[in-house]
Structure formats: C-alpha cells, structure tokens
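Please look over the structure below before reading on.

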Amino acid sequence: MDSTKEYTKNLNISDVPWNRMVTAYGTAENYPEYLCILDNMQNIDEINEALNDISDFEHQSTLFSPAPFALVFLLRIYEKARHINTPEAEWLVNELNKSFDYYLEICEDAEKMEHVEPFPEFLDILDKQYLLPKDYTEDDLDEYYENFIPDNFFYSLYYYSGIILKDYDKKIQ
C-alpha cells in the first residue's frame, strides 16, 4: 500500500502510455487533453464533455486499463477544485463526487466477489504485455477485446482503483 501511495504521488501524466491503453470505446490517447480541460476548469460545457469522454475507462461496471491511472489525476483535479470558488470548480466537484462514489461502489463490489490476487505493484499494470503494441492497428484493438486480459490484471484494475478511491472516501468524511 505504501508503495502505491508513493508511486501515485509521483506519477506524471506523461508517465502513462495512454495511447496504448484500451477503453470501452477505443484507446485513452486523448486522456491528457481531457485532464488538461478538467484541470483548467474554464467552461462548464467543455468540462462536462471532457468528463464524459474520460469516463470511458468504465462501462457497465467494467473497468478498463486506464481506470486507476485516470483516477489518480481526477482525484488531484478534485482536490484542486475543492479550493477554488468558481461555478465551474463547484460544478466539477459535484460531478466528481458522484463519479467517485459510483466507481468506489464498483470496486467494493469486486472485493466482495471471489477473485485472484492482484499484481504486487500498481506499476505492473503497465507491463507491455497488457498494452497495445506501439504501432497498433484496428485489428490489434479487436484482438485485444476478443482475447481480453488475464484475471489478475483485470482484478488489479479494481484493486488499485479501490485504493485510490479509498483515499478520496477518507477526505470527504
């Protein structure tokens, strides 16, 4: 747990190979742009669109590979927004509260089910075998979806997302 906190504390957006991570509807290649829009908190319509777009790391209670990484940055944005007194920041805090509660519930439900052990380290999720090839094609994306991922990788997405969200849960109590 301490290594996870240390890793996430020092994690930069550029450390994550977003373009090689699969979401419910493609890849996470645009996540840095969405996170920038959210972090800037300038326009509610743009914020809403970015928040909707980045939420494709989850679909029907299934988490995809960018989930725990996106949550790290969303939580940082949430913390920043809590200390800004603008309509945009207040709107974002409210929306992120609802989203975090929902994602935390998904992670807690996963904990209640029978599951394998998670990866020993959060960083293990970024092992190249779980990422799309650097020059992936549409066929690679289709194959990824068809063959999906091993149980320990899949569970690790919930496990590490849960750790991140439990920090959030402590902050609002």
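What follows is a short briefing on this model, grouped by topic.

This is a predicted model, where local features need pLDDT of at least 70, side-chain atom pairs count only at pLDDT 80 or more, and totals for chains, interfaces and linings use all residues. Residues are numbered from 1 along each chain as its sequence is written, and side-chain values use heavy atoms, with hydrogens and water left out. The protein has 7 helices and 4 strands. Helices (H or I, at least four residues) and strands (E, at least two) are DSSP runs, numbered from the N terminus.

**Overall fold**

- From the N terminus, the order of elements is α-β-β-α-α-β-β-α-α-α-α.
- The C-alpha trace spans about 45 × 35 × 30 Å along its principal axes.
- The radius of gyration is 16 Å, which agrees with the value near 16 Å for a compact globule of 173 residues. That radius is taken over C-alpha atoms, and the globule rule is 2.2 Å times the number of residues to the power 0.38.
- Of the contacts with a separation of 6 or more, 76% join residues 24 or more positions apart. Contact means heavy atoms within 4.5 Å.

**Surface and burial**

- Buried residues make up 45% of the 173 residues. Buried means under 20% relative accessible area, exposed means over 50%, and partly exposed lies in between (1.4 Å probe, protein chains only).

**Nonpolar core**

- The largest nonpolar core has 57 residues. Such a core is a set of buried Ala, Val, Leu, Ile, Met, Phe, Trp, Tyr and Cys residues joined through side-chain atoms within 4.5 Å.
- Trp18, Leu38, Phe57, Phe69, Leu92 and Phe100 touch the most other members.
- Helices α2, α3 (44–54), α4, α5, α6 (138–147) and α7 (151–172) each supply at least two residues of this core.
- The largest share, 11 residues, comes from α4.
- Trp18 touches residues including Phe69, Ala70 and Phe73, not counting residues up to four places away in sequence.
- In soluble globular proteins, nonpolar side chains tend to be buried together.

**Helix α4**

- Which residues of α4 are buried? They are Ala67, Pro68, Phe69, Ala70, Leu71, Val72, Phe73, Leu74, Leu75, Ile77, Tyr78 and Ala81.
- Because 12 of its 15 residues are buried, α4 is largely enclosed by the rest of the structure.

**Salt bridges**

- The structure holds 4 salt bridges. A salt bridge is a side-chain nitrogen of Lys or Arg within 4 Å of a carboxyl oxygen of Asp or Glu.
- Lys80 pairs with Asp39, with the closest N and O atoms 3.3 Å apart. This pair links distant parts of the chain: Lys80 in α4 (residues 67–81) and Asp39 in α2 (residues 31–40), 41 residues apart.
- Lys80 is partly exposed at 35% relative accessible area, and Asp39 is partly exposed at 29%.
- Glu79 pairs with Arg82 at 3.2 Å between the closest N and O atoms. Arg82 is partly exposed at 39%.
- Glu95 pairs with Lys98, the closest N and O atoms being 2.9 Å apart. Both lie in α5 (residues 87–112), 3 residues apart, about one turn of the helix.
- Glu95 is buried at 19%, whereas Lys98 is partly exposed at 46%.
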